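Welcome! Have a look at the sequence and the model before you start.

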Amino acid sequence: MGEEPLVRWDWIGRNWPSIQSLLVDHVIMAILPVILGLLIALPLGLAGARWRLLYQPTVSLMNVIYSLPSLAVFIVLIPLTGLAERATVIIPLTFYSLAVLIPAVVDGLAAVPGHVRQSAVAMGFGPTRRLLQVELPIAVPVVLAGLRVATVSSISLVSVGALIGRGGLGYLFIDGWQRQFPTPIVVGIVLVVVLAVFADGLIVLAQRLLTPWARARRTA
């Protein structure tokens with residue numbers, strides 16, 4: 001890259017509107033798969049926790065999907081969803097999120113002590129009430145730990161979509177490499193890292209708000 005400085009601030013200033021647009025696109029394609037994955041993982045995880053015979057085949061299928069290279073899956077989907085379309089990136093990332101979130105939901109529910117369930121039944125809690133007021137709150141830390149992994153992974157993998165024309169901040173990596181110009185690459189890396197740290201921090205904050213008893217126990 002010759003004597004080109006690592007960061008040219010004038011370039012950032014001139015191209016900031018475009019960078020903002022790429023950032024928004026990146027956030028949408030990273031967060032939407034996680035939200036969809038969580039909505040799908042909750043009922044599948046509940047089913048897997050109740051019927052263990054269903055859990056193993058589901059997890060095995062998700063692990064096989066998770067092992068597939070993301071770029072290869074993007075390319076396979078192009079004839080169905082189109083080139084440079086958000087859906088081509090969002091669909092595979094949703095399955096990747098499921099591979100993390102389904103085990104997290106099942107493990108979280110499995111962590112609920114048996115005597116707690118028995119106490120809830122003795123107090124007259126029905127299955128739905130027991131699930132919503134007892135089991136899910138106790139499972140929250142494990143589920144959110146999986147959500148943190150899924151979110152950070154999704155934010156990172158979106159960049160690969162730049163190779164098919166829709167990768168959010170990943171476009172900056174391609175642009176910088178093709179022009180042998182480091183500034184877009186540095187900007188893209190910094191924004192992806194900041195986005196991942198920010199999203200992870202929000203989930204940690206949500207966990208503290210949803211599990212006040214854990215904070216009280218640590219204080220005691």
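**Exercise 1.** Is Ala 84 buried, partly exposed or exposed?

*Solution.* Please keep in mind that this model is predicted.
- Step 1: Find the residue. Ala 84 sits in the loop between α3 and α4.
- Step 2: Take its relative accessible area, which is 25%.
- Step 3: Apply the cut-offs: buried means under 20% and exposed means over 50%. Ala 84 therefore counts as partly exposed.
- Step 4: Look at the backbone too. Ala 84 is not a glycine, yet its phi is positive, near 60°.

**Exercise 2.** Which loop holds Gln 180, and what is its relative accessibility?

*Solution.* 
- Step 1: Gln 180 is placed in the loop between α7 (170-178) and α8.
- Step 2: Its relative accessibility is 39%, so Gln 180 is partly exposed.
- Step 3: Gln 180 also has a positive phi, about 55°, without being a glycine.

**Exercise 3.** How many helices and strands does the protein chain have?

*Solution.* 
- Step 1: Count the elements. There are 9 helices and 0 strands.
- Step 2: Read them from the N terminus on, and the order is α-α-α-α-α-α-α-α-α.
- Step 3: The C-alpha trace spans about 75 × 45 × 25 Å along its principal axes.
- Step 4: Of the chain's 220 residues, 40% count as buried. Among contacts with a separation of 6 or more, 76% join residues 24 or more positions apart.

**Exercise 4.** Where does UniProt place the feature "transmembrane region"?

*Solution.* 
- Step 1: Read the record. The unreviewed UniProt entry gives residues 27-49, 61-81, 93-116, 136-165 and 185-210.
- Step 2: Check residues 27-49 in the model. This span is 100% helix and 0% strand, and its end C-alpha atoms are 32 Å apart.
- Step 3: Check residues 93-116. Here the chain is 88% helix and 0% strand, with 36 Å between the end C-alpha atoms.
- Step 4: Turn to the domain. The unreviewed UniProt entry also lists "domain: ABC transmembrane type-1" at residues 23-204. That span is 84% helix and 0% strand, and its end C-alpha atoms lie 22 Å apart.

**Exercise 5.** Which residues touch the most other members of the largest nonpolar core?

*Solution.* 
- Step 1: The core has 47 residues, and Ile 102 and Ile 155 touch the most other members.
- Step 2: Ask which elements build it. Those giving two or more residues are α1 (9-50), α2 (52-67), α3 (70-81), α4 (86-110), α6 (127-157) and α8 (182-210).
- Step 3: Find the main supplier. The largest share, 12 residues, comes from α4.
- Step 4: Follow Ile 155. Leaving aside neighbours within four places in sequence, Ile 155 contacts His 26, Ala 30, Val 192, Leu 195, Ala 196 and Ala 199.

**Exercise 6.** Is Ala 30 buried or exposed?

*Solution.* 
- Step 1: Ala 30 belongs to helix α1.
- Step 2: Its relative accessibility is 0%, so Ala 30 is buried.
- Step 3: List its partners. Not counting residues up to four places away, Ala 30 touches Ser 154, Ile 155 and Val 158.
- Step 4: Compare sequence with space. Ala 30 and Gly 167 are 137 residues apart in sequence, while their C-alpha atoms are 9.8 Å apart.

**Exercise 7.** What does Thr 94 contact, leaving aside its neighbours within four places in sequence?

*Solution.* 
- Step 1: Thr 94 lies in helix α4.
- Step 2: Its relative accessible area is 9%, so Thr 94 is buried.
- Step 3: Its contacts are Pro 33, Leu 36, Gly 37 and Ile 40.

**Exercise 8.** Which residues line the largest cavity?

*Solution.* 
- Step 1: Count first. There is 1 cavity of 30 Å³ or more, and the largest cavity has a volume of about 60 Å³.
- Step 2: The lining is formed by Tyr 66, Leu 93, Tyr 96, Ser 97, Val 100, Ala 150, Ser 153, Ser 154 and Leu 157.
- Step 3: Sort them: 6 are nonpolar, 3 are polar and none is charged.
- Step 4: Assign them to elements. α4 and α6 each supply at least two residues of this lining.

Definitions and conventions:
Residues numbered from 1 in each chain as written. Predicted model: local features only at pLDDT ≥ 70, side-chain atom pairs only at ≥ 80, totals over all residues. Heavy atoms only, no water. Core = buried A, V, L, I, M, F, W, Y, C linked by side-chain atoms within 4.5 Å. Buried < 20%, exposed > 50% of the residue type's maximum accessible area, 1.4 Å probe, protein only. Helix = DSSP H or I, 4+ residues; strand = E, 2+ residues; numbered from the N terminus. Contact = heavy atoms within 4.5 Å. 1 Å grid on protein atoms, 1.4 Å probe; cavity = no way out; pocket = protein on both sides within 12 Å on 5 of 7 lines; lining within 4 Å. Points joined across faces, edges and corners; volume = space filled by probe spheres on them. Nonpolar A, V, L, I, M, F, W, Y, C, P; charged D, E, K, R; others polar. UniProt positions renumbered as here; feature names shortened; annotations may be inferred.
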